Amino acid sequence: MTNGHNTEMGGRMQAIGYAVLHIAIPMVRHDAAMLRFAHYRRRFFREGYSYARLQEAFRSRKQPLFRFEFSTAAGALMLACPPIVIFAAFYFRSWVIPAGAVLILSILIGRMAVIYRHRTSNWADALLFGLHWHVKIIPNFLGHIAYHNDKRLGRKRGLMEYRRD
């Protein structure tokens, strides 16, 4: 099974006329045990790969899945932004450009923290979630690209385990 298999099943049920209700109660507790940054990066690469597969599978439905969970444009921007900012800072010999980029990223992280704040008991956790939400976009984007590349080349990936080391 891939990431999103419960959502995929819900999407299939909706497609044949069933209503899917979600309850806001944790049903399971997963042992992510991501002890290294490589685990985190591989986990969200796999998520991006799965989102791309599910977006394609549900593209023709009334309610396509994962349309809002992932944006390829946001991923491309997050990946391209650091080298562009560094180049521009050296080219124009100005600290204002990287300071502006940090300010914009801080505003985006704060915005996500405000959105997430109702789910946690403190602002530190909400801000950490906001940071996570924007950092994970890069491996998500790379997973998305890998899916489309694999599809183009006719390759199929097996299980993508994120804790292999």
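Gly130 touches Ile109, Met112 and Ala113, with residues up to four places away in sequence not counted; a contact here means heavy atoms within 4.5 Å. Gly130 lies in helix α5 and is buried, at a relative accessible area of 0% (buried is under 20% relative accessible area, exposed over 50%, and partly exposed in between, with a 1.4 Å probe and protein chains only). The model is predicted, so that local features need pLDDT of at least 70 and side-chain atom pairs count only at pLDDT 80 or more, while totals for chains, interfaces and linings use all residues. Residues are numbered from 1 along each chain as its sequence is written, and side-chain values use heavy atoms, with hydrogens and water left out.

The protein chain contains 6 helices and 0 strands, in the order α-α-α-α-α-α along the sequence. Helices (H or I, at least four residues) and strands (E, at least two) are DSSP runs, numbered from the N terminus. Of the 165 residues, 28% count as buried. Among contacts with a separation of 6 or more, 69% are between residues 24 or more positions apart.

Helix α4 and helix α5 (residues 123–135) pack at an angle of about 125°, and their axes are 7 Å apart. This angle makes α4 oblique to α5 (angles under 35 degrees count as roughly parallel, over 145 as roughly antiparallel, 65 to 115 as roughly perpendicular and the rest as oblique). On the α4 side the contact includes Leu105, Leu108, Ile109, Met112 and Ala113, and on the α5 side Trp123, Leu127, Gly130 and Trp133 are among the residues involved. Axes are lines fitted to C-alpha atoms, for helices over the stretch in contact, and angles run from 0 to 180 degrees between N-to-C directions. The crossing of α4 and α5 is right-handed; a crossing is right-handed if the near helix is turned clockwise from the far one by less than a right angle, and left-handed if anticlockwise. Ser106, found in helix α4, is 24 residues from Gly130 in sequence and 9.2 Å from Gly130 in space, C-alpha to C-alpha. Ser106 counts as partly exposed, at 42% relative accessibility.

Helix α5 also meets α6. The axes of α5 and α6 come within 5 Å and cross at roughly 30°, which makes α5 roughly parallel to α6. Trp133, His134 and Val135 of α5 are in contact with Ile137, Ile138 and Pro139 of α6.

A further helix pair is formed by α2 and α6. Their axes are 6 Å apart, and the packing angle is about 50°; α2 and α6 are therefore oblique to each other. The crossing of α2 past α6 is right-handed. Residues of α2 in this contact include Phe44, Phe45, Gly48, Tyr49 and Ala52, while those of α6 include Leu142, Gly143, Ala146 and Tyr147.

The largest nonpolar core has 5 residues, namely Tyr49, Ala52, Ala146, Tyr147 and Met160. At least two residues of this core come from each of α2 (37–57) and α6 (137–153). A nonpolar core is a set of buried Ala, Val, Leu, Ile, Met, Phe, Trp, Tyr and Cys residues joined through side-chain atoms within 4.5 Å. In soluble globular proteins, nonpolar side chains tend to be buried together. Met160 touches Phe45, Arg46 and Tyr49, leaving aside residues up to four places away in sequence.

Two loop positions remain to be described. Ala33 is in the loop between α1 (5–15) and α2 and is partly exposed, with a relative accessible area of 27%. Ala33 and Tyr162 are 129 residues apart in sequence, and the distance between their C-alpha atoms is 9.9 Å. Arg93 is placed in the loop between α3 (72–92) and α4 (96–116). Arg93 has a positive phi of about 50°, although it is not a glycine. Most residues other than glycine have a negative phi. Arg93 counts as exposed, at 77% relative accessibility.
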